[in-house]
Amino acid sequence: MQVTLWGTRGSLATPGPDTARYGGNTSCVAVRGREGTIVVLDAGTGIRRMATTIDASVRRVDVLLTHLHMDHIQGLGFFAPLYRPDVEVNIWGPASIQLSLRARLMRYLSPPLFPVSLRELPCKLHLHEVPCGEVDIGEFRVASALVCHPGPTVGYRVSEAPGKVLTYLPDHEPALGARAFPSLPRAWTSGGSLAEGSDLLIHDSQYTAHEYPNYIGWGHSSLRHMLDFGTLAEVNHLVPFHHDPGHSDADLDRLMAEAIDDAKPAYRVTPGREGMTFAL
Amino acid sequence: MSTSKGIQIILARQLASCVAMPILLVDAEGTLIFYNEPAEAILNQRFEETGEIPSDEWNRLVAVADEDRNPVQPENWPMRVARLQRRPVSRTIWTRSGDSGWRHLQVTAFPLVGEGGHLLGVMNIFWEI
């Protein structure tokens, strides 16, 4: 599979000269299979540009939403396949206890927040609520599970035969409530089984260890927690993602280097930058 | 991919680890999957030593009696009723584990129900009287 980062910023789109290298668009990752399957992870502002790479011959696209915070759905209304009658768009995402996924999405895709309503979209639109066990999307097998982040939020594990695995946990606070992290086995750690043995883990890296105590419960990880989570999950390659809007390119260069030097993970770490592609 | 506990159960354990009230967590099958340090005194066991305990095994570890010291059978224990009838239960009991003495406790057991009405387990909170 080929994995491309189209939006790496967390919380708020942050364009500008200080963020040009790591990128200012919010969460969006495209996963393409050898047989042509296209899975899009989250619909942050990066999805608009990602859509320009979808060939006119494509007839199906699946968009997997981890949750419905604005930075993960703001680009949805600008996703070109939604306006093509010849394309089947499948949107996967969590319902809440009280509201269906459709009702939750319509809160954004309807006036006054957006001029076009969900039901007016010309594509063949199908909505699927997660978590729902493992499902097959083209040549991919996709598993989802609720993870620690405010509101219904899932992580995704995308597998491709013969065994390459991508895990996507962009908003994730596995250390919440733990006196020490990590101190429990994977089965007792949020996202632990999803990420287990991943060839590539894309994971929340919003805060420094110094910043994290001010934001406990906001649903994000410190760089140190992220690196320790990668060790617990025994991943092969980790991509720090969902960068804080307040962190400039220069900040991120320094913070990533310091955190990696401090933790000395046994696996490869590549800080996520918009436009990067990974081949698994 | 191995199987993780549900996020609700993980968070329930985190909560139990941070409070002073004795708390037991059982899963939907009745297995005792966690008890916190204050609850170790009630069970006369340490979680670090026992780990998870199947229901038939841990039911034998504890004796439960009502206010009049009449034995309460496991099927009538608050946690069992909360799990099977999916409703909260609160009552006063006497309990003893192993060689420890009888303890007078108020217990509240309530089911943890996830999305789609899925039963995840039961949280049992004890108060020493």
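What share of the contacts in chain A with a separation of 6 or more comes from residues 24 or more positions apart? The legends below take up this point together with other features of the two chains.

This is a predicted model, in which local features need pLDDT of at least 70 and side-chain atom pairs count only at pLDDT 80 or more, while totals for chains, interfaces and linings use all residues. Residues are numbered from 1 along each chain as its sequence is written, and chains are lettered from A and ligands numbered from 1 in the order in which they are written.

**View 1. Chain A as a whole.** Six helices and 14 strands make up the secondary structure of chain A, where helices (H or I, at least four residues) and strands (E, at least two) are DSSP runs, numbered from the N terminus. Its C-alpha trace spans about 50 × 40 × 35 Å along the principal axes. The radius of gyration, taken over C-alpha atoms, is compared with a globule rule of 2.2 Å times the number of residues to the power 0.38; because a compact globule of 280 residues would have a value near 19 Å, the 18 Å of chain A agrees with that rule.

**View 2. Burial and contacts in chain A.** Of the 280 residues, 52% count as buried, a term that requires 20 or more other C-beta atoms within 10 Å of a residue's own, with C-beta atoms placed from the backbone. Of the contacts with a separation of 6 or more, 67% are accounted for by residues 24 or more positions apart, two residues being in contact if their C-beta atoms, placed from the backbone, lie within 7 Å.

**View 3. The seven-stranded sheet of chain A.** This open sheet has the order E6-E5-E4-E3-E2-E1-E14 and mixed pairing, where two strands pair if DSSP finds at least two bridges between them. At its edges are strand E6 (124-130) and strand E14 (277-279), each of which pairs on one side only.

**View 4. Strands E4 and E5 of chain A.** Strand E4 (residues 60-64) and strand E5 (residues 88-94) pair in the parallel sense over five bridges. Within this pair, Leu64(A) has Trp92(A) in E5(A) as its bridge partner.

**View 5. Chain B as a whole.** Chain B has five helices and six strands, which follow one another from the N terminus as α-β-β-α-α-α-β-α-β-β-β. Its C-alpha trace spans about 45 × 30 × 25 Å along the principal axes, and buried residues make up 30% of its 129 residues. Residues 24 or more positions apart account for 44% of the chain B contacts with a separation of 6 or more.

Definitions and conventions: Buried ≥ 20, exposed ≤ 12 C-beta atoms within 10 Å, placed from the backbone.
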